[in-house]
Amino acid sequence: MSFKANCVFCDIVRGKAPAALVYEDSSFIAFMDRSPITLGHLLVLPRDHYETVFDMPREEVGPLFTRAVHLATAVRKAMKADGMNIGQNSGRAAQQIVFHVHVHVIPRYLSDSPDGRWPTRRAASLEELESVAERIRGHVESLPTS
Ligand SMILES: [Zn+2]
């Protein structure tokens, strides 16, 4: 496993920083975004540190997105979302904030954007995120190992 010092996501992967975990296996982990666009917004990432999707071995990109869609299925059910955004931002110009590659899984609702813009992110407490994570975990079905 490759880690980077002062990377908040590497710290979460190593259990050195708190997060509301939803899923983990030997290569990937998912936890709730601390400033969700909507409640249920989670992040899926490789345990290994790569700055952007372009730095990842190509054969790991497929399994990352497979997990993102798998978890999006659980979020959609748990949060009763009308739709889902599944997105990957690479580079500052693409609004990447933490430079450890991750995929955003964001539940969306027909009423959440009257003006057509992204809903405003807000800081959520770890307690609130943990209760949402628990709800989502209840809908995560086992993933075939690949
Ligand atoms: Zn990292």
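This passage describes the fold, the surface and selected residues of a predicted protein model.

The model is predicted, so local features were required to have pLDDT of at least 70 and side-chain atom pairs pLDDT 80 or more, while totals for chains, interfaces and linings use all residues. Residues are numbered from 1 along each chain as its sequence is written, and side-chain values use heavy atoms, with hydrogens and water left out.

The protein contains 3 helices and 5 strands. Along the sequence the order is α-β-β-β-α-β-β-α. Along the principal axes, the C-alpha atoms fill a box of roughly 40 × 35 × 30 Å.

Of the 146 residues, 44% count as buried. Buried denotes under 20% relative accessible area, exposed over 50%, and partly exposed in between (1.4 Å probe, protein chains only). The protein exposes about 7900 Å², of which carbon and sulfur atoms supply 52%. Areas were computed by the Shrake-Rupley method with a 1.4 Å probe; for residues, only the protein chains shown count as cover. Among contacts between residues at least 6 apart in sequence, 63% join residues at least 24 apart. A contact requires heavy atoms within 4.5 Å. The mean positions of the 17 positive and 17 negative charges lie 2 Å apart. Lys and Arg count as positive and Asp and Glu as negative; His and the chain ends are not counted. Each charge is placed at NZ of Lys, CZ of Arg, CG of Asp or CD of Glu.

His-102 sits in the loop between strand S4 (83-87) and strand S5 (103-108). His-102 is buried because its relative accessible area is 6%. Its side chain reaches the backbone oxygen of His-100 at 2.8 Å. A further polar contact, of 3.5 Å, links the side chains of His-102 and His-104. Beyond four places in sequence, His-102 touches Phe-9, Leu-43, Val-44, Leu-45, Gly-87, Gln-88 and Gln-96.

Asp-33 occupies the loop between strand S2 (28-32) and strand S3 (42-46). It is also a buried residue, at 6% relative accessibility. The Asp-33 side chain contacts the side chain of Arg-121 at 2.8 Å and the backbone nitrogen of Ser-35 at 2.7 Å. Leaving aside neighbours within four places in sequence, Asp-33 is in contact with His-41, Leu-42, Leu-43, His-104, Arg-121 and Leu-129.

Val-22 belongs to strand S1 (residues 21-24). At 7% relative accessibility, Val-22 is buried. Not counting residues up to four places away in sequence, its partners include Ala-30, Phe-31, Met-32, Leu-42 and Leu-71. Ala-133, Ile-136, Arg-137 and Val-140 are also among them. Val-22 and Tyr-109 are 87 residues apart along the chain, and their C-alpha atoms are separated by 21 Å.

The loop between S3 and helix H2 (58-79) holds Phe-54. Phe-54 is exposed, with a relative accessible area of 59%. Its C-alpha atom is 24 Å from that of Tyr-23, 31 residues away along the chain. Asp-55 lies in the loop between S3 and H2 and is partly exposed at 42%. The side chain of Asp-55 reaches the backbone nitrogen of Thr-52 at 2.9 Å. Asp-55 and Val-101, 46 residues apart in sequence, are 8.6 Å apart from C-alpha to C-alpha.

Positive phi values were found in residues other than glycine. Asn-6 has phi near 65°. Asn-6 lies in the segment before helix H1 (8-13) and is exposed at 80% relative accessibility. Gln-95 has phi near 70°. Gln-95 lies in the loop between S4 and S5 and is exposed, with a relative accessible area of 59%.

Methods
Helix = DSSP H or I, 4+ residues; strand = E, 2+ residues; numbered from the N terminus. Polar contact = N/O pair within 3.5 Å; in protein donor to acceptor, adjacent residues only side chain to side chain.
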